[in-house]
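Trainee: Could we go through this one together? I'd like to learn where the labels come from.

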Amino acid sequence: MSVLKSLLFYFLIMGTLSCQSLHVTPNKTSCSQLDWFEIGRADAVQGKSVIGWEKQQQQCLDFNDVNHERYLAGWNSGIDAYCVRDHGFIVGRSGLSYERVCPPSAEAEFLKGYELGQRIYTFEKDNLQISEELDRLNTALKKEKKEAQFSQKELSRINRLETRMELNRAMIAELQREFGTSARQ
C-alpha cells in the first residue's frame, strides 16, 4: 500500500509541476496592419497618458519599435489638439478628470477652459440634485394635500431649493459669458 501511495504522490507532484510549467499566454493578435499613428492620436485626444502604448504592446504579437515611434508621433499630434482652452472647457464641463497629460507650454490655457467647464459642471450637477429633491418634495406635498395638511417646513425647503437652482442658472450663464468673452480676446 505504501508503494501505491508513493506512486500516487509522485504523479500528483509531477502533474502539479507540469501544470506550472505550462505558461498560458493571453490571446495576442497580430497588430501589424493597425494605424499606430491614429491609435496614438486618438489616445491623446481622449486625454490618455502617453504610456498607453504599453497596453497596446501587451495585446500584440508583433509590436515593435516602428509601431512605438508611430504611436508616439500620433500621440504628440493628438495632444496638441487636446491641450487647448476650448477642449479643456469641454472636458471640465463633462465632469471628466484631467490626467495632467498636457505639456507645460499648453497646460495653462487648457486649465483655464477646464476650470470654467468644471465650475459649470458643478452647478449643473447641483441643479440635477435639486430637481430630484423638488420632485420628491412635490410628490410628498401632493399626498399631504389630499389630507389637507401642508407642511410649512417643506414649503420653505422648496422655496430655498428653487432659489438655489435659479442662482446656479445665473452662475452658469455668467460662466458661459466669461468663457465666450475670453475666447474672443
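Mentor: Let's begin with the surface: the protein exposes about 13000 Å², and carbon and sulfur atoms supply 56% of that. Accessible areas here come from the Shrake-Rupley method with a 1.4 Å probe, and for residues only the protein chains shown count as cover. Keep in mind that this is a predicted model, where local features need pLDDT of at least 70, side-chain atom pairs count only at pLDDT 80 or more, and totals for chains, interfaces and linings use all residues. Residues are numbered from 1 along each chain as its sequence is written, and side-chain values use heavy atoms, with hydrogens and water left out.

Trainee: What makes up the secondary structure of the protein?

Mentor: Seven helices and zero strands, so from the N terminus on the elements read α-α-α-α-α-α-α. Both kinds are DSSP runs, numbered from the N terminus: helices are H or I with at least four residues, strands are E with at least two.

Trainee: Why is the C83 and C102 pair called a disulfide?

Mentor: The cut-off is a pair of cysteine sulfur atoms within 2.5 Å. The sulfur atoms of C83 and C102 are 2.1 Å apart, so the pair qualifies. The structure holds one disulfide. In general, a disulfide is a covalent bond between the sulfur atoms of two cysteines.

Trainee: What makes the disulfide of C83 and C102 left-handed?

Mentor: The torsion about its S-S bond is about -100°, so it gets that label. C83 sits in the loop between helix 4 (65-82) and helix 5 (85-93), and C102 in the loop between helix 5 and helix 6 (104-146), so the bond ties together parts 19 residues apart in sequence.

Trainee: How do you know whether C83 is buried or exposed?

Mentor: Buried means under 20% relative accessible area, exposed means over 50%, and partly exposed is in between (1.4 Å probe, protein chains only). C83 has 4%, so it is buried. C102, with 7%, is buried too. Across the 185 residues of the protein, 28% count as buried. In helix 5 the buried ones are R85, H87, G88, F89, V91 and G92.

Trainee: And R100, what label does that get?

Mentor: R100 has 56% relative accessibility, so it counts as exposed. The side chain of R100 meets that of E107 in a salt bridge, 3.7 Å from N to O.

Trainee: Why is the pair of R100 and E107 called a salt bridge?

Mentor: A salt bridge needs a side-chain nitrogen of Lys or Arg within 4 Å of a carboxyl oxygen of Asp or Glu. A search of the whole structure finds eleven salt bridges. One of them joins E124 and R93, with the closest N and O atoms 2.5 Å apart. E124 lies in helix 6 and R93 in helix 5, so this pair ties together parts 31 residues apart in sequence. E124 is partly exposed at 29%, and R93 is partly exposed at 26%.

Trainee: What about E133 and R136, how far apart are they in helix 6?

Mentor: They are three residues apart there, which means about one helical turn separates them. Their side chains meet in a salt bridge at 2.8 Å, N to O. Salt bridges that share partners join E133, R136 and R157 into one network. Leaving aside neighbours within four places in sequence, E133 is in contact (heavy atoms within 4.5 Å) with R157 and L161.

Trainee: Last one: why is the ring pair of Y82 and F110 called stacked?

Mentor: Rings of Phe, Tyr and Trp (its six-membered ring) pair if their centres lie within 6.5 Å; planes under 30 degrees apart count as stacked, over 60 as edge-to-face and the rest as tilted. Y82 and F110 are 5.0 Å centre to centre with 25° between the planes, so they are a stacked pair. Y82 lies in helix 4 and F110 in helix 6, so they tie together parts 28 residues apart in sequence. Y82 is buried at 2%, as is F110 at 0%.

Trainee: And what makes Y98 and F110 tilted?

Mentor: Their centres are 4.7 Å apart and their planes are at 40°, so the pair is tilted. Ring pairs link Y82, Y98, F110 and Y114 into a cluster.
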